[in-house]
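Visitor: I have a structure open and would like to go through it with you. Can we start with the overall picture and then go into details?

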Amino acid sequence: MLDRRDVLKAGVSLGAGAGVVTAQSQDGTTLSAGRMTGDEQPDTVETNAEGAAVFVREGPGMRFILLATGIENVTQAHIHRGSEGENGPVVTWLYPDPQARQPQRVPGRFDGVLSARRFFAGDLVGPLEGRSLDSLTSAIENGNAYVNVHTKSNPAGEIRGQLSSVSTARVRFRQRIGVDAGDGFGVSRSVGLQVQGS
């Protein structure tokens with residue numbers, strides 16, 4: 001799905017089952033969806049899934065990383081325009097990628113980097129199509145944009161986080177998987193996601 005070089009370009013260091021994302025823009029435009037959960041959906045979704053998204057403005061583009069844990073059958077992810085507690089139109093695709101316009105299901109459980117890419121003004125769709133990235137940044141600064149990850153079971157969105165400006169963002173992603181084989185076969189999994197923004 002993602003090439004390791006794409007992950008490293010996005011500012012993620014991976015090793016021993018753990019990932020850390022630290023973002024700080026040179027021009028001060030760092031955006032974060034914080035901790036994304038099912039509780040943030042207008043109609044609360046009961047799910048153990050959670051996620052995080054961090055965006056950094058880089059010249060004419062916006063680099064981002066989107067992480068998710070404990071989520072099943074992801075189909076698509078976007079930035080939507082809309083305030084907290086309301087649904088709004090898609091303004092850019094994040095998964096499968098910013099140029100995609102069709103869902104692509106990730107079968108089964110997913111834990112990790114869902115997408116790490118860069119998008120430009122030409123990738124904006126819906127009400128922001130043909131406008132500059134400044135229009136998206138303004139919507140975010142006014143509390144009118146959120147990240148939504150959609151799944152087969154929850155096509156309207158399973159986890160969501162309202163975007164906001166932060167001076168820096170740091171996301172820690174840890175996963176531990178243990179397998180015991182004896183008389184039976186057992187698998188244990190532990191996933192944690194920690195988000196810090198300032």
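**Overview and details**

Guide: The protein has 198 residues, and 48% of them count as buried. The model is a predicted one.

Visitor: What secondary structure does the protein have, in helices and strands?

Guide: There are two helices and 12 strands. Read from the N terminus, the order is α-β-β-β-β-β-β-β-α-β-β-β-β-β.

Visitor: What share of the contacts with a separation of 6 or more is between residues 24 or more positions apart?

Guide: That share is 64%.

Visitor: OK, on to the packing. How many residues are in the largest nonpolar core?

Guide: The largest nonpolar core has 31 residues. Phe 55, Ile 79, Phe 119 and Val 147 have the most contacts inside it.

Visitor: Which elements supply at least two residues of this core?

Guide: Strands S3 (30-36), S4 (50-58), S5 (61-81), S6 (90-95), S7 (106-120) and S8 (145-151) do, and so does helix H2 (133-141). The largest share, eight residues, comes from S5.

Visitor: Pick one from the core. What does Val 147 touch?

Guide: Not counting residues up to four places away in sequence, Val 147 touches Ala 33, Met 36, Ala 53, Phe 55, Leu 66, His 78, Ile 79, Leu 94, Ile 159, Arg 160, Gly 161 and Leu 163. A second, separate core has five residues, among them Val 54, Ile 65, Val 113 and Ala 116.

Visitor: Back to Val 147. What stands opposite this residue in S9?

Guide: Gly 161 does. S8 and S9 pair in the antiparallel sense, over four bridges.

Visitor: And the faces of S9, covered or open?

Guide: Both faces of S9 (residues 159-162) are covered. Ile 159 and Gly 161 are buried on one side, and Arg 160 and Gln 162 are buried on the other.

Visitor: Switching to charges. How many salt bridges does the structure hold?

Guide: It holds five salt bridges. In one of them, the side chains of Glu 50 and Arg 35 meet at 2.7 Å, N to O. Glu 50 is in strand S4 and Arg 35 in strand S3, 15 residues apart, and the pair links distant parts of the chain.

Visitor: Glu 50, buried or exposed?

Guide: Glu 50 counts as buried because its relative accessibility is 12%, and the cut-off for buried is under 20%. Arg 35, at 49%, counts as partly exposed, as exposed requires over 50%.

Visitor: What does Asp 134 pair with?

Guide: The side chain of Asp 134 meets that of Arg 57 in a salt bridge, 3.2 Å from N to O. Asp 134 lies in helix H2 and Arg 57 in strand S4, so this pair ties together parts that are 77 residues apart in sequence. At 46% relative accessibility, Asp 134 is partly exposed, whereas Arg 57 is buried at 15%.

Visitor: One more. Which residue forms a salt bridge with Arg 63?

Guide: Glu 58 does, with the closest N and O atoms 3.1 Å apart. Salt bridges that share partners join Glu 58, Arg 63 and Arg 118 into one network.

Visitor: Where is Glu 58 found, and what is it in contact with outside its sequence neighbours?

Guide: Glu 58 is found in strand S4. Leaving aside neighbours within four places in sequence, Glu 58 is in contact with Arg 63 and Arg 118. With a relative accessible area of 30%, Glu 58 is partly exposed.

Visitor: How far apart are Glu 58 and Thr 30?

Guide: They are 28 residues apart in sequence and 9.8 Å apart in space, C-alpha to C-alpha.

Notes:
Residues are numbered from 1 along each chain as its sequence is written. This is a predicted model: local features need pLDDT of at least 70, side-chain atom pairs count only at pLDDT 80 or more; totals for chains, interfaces and linings use all residues. Side-chain values use heavy atoms; hydrogens and water are left out. A nonpolar core is a set of buried Ala, Val, Leu, Ile, Met, Phe, Trp, Tyr and Cys residues joined through side-chain atoms within 4.5 Å. Buried means under 20% relative accessible area, exposed over 50%, partly exposed in between (1.4 Å probe, protein chains only). Contact means heavy atoms within 4.5 Å. A salt bridge is a side-chain nitrogen of Lys or Arg within 4 Å of a carboxyl oxygen of Asp or Glu. Two strands pair if DSSP finds at least two bridges between them.
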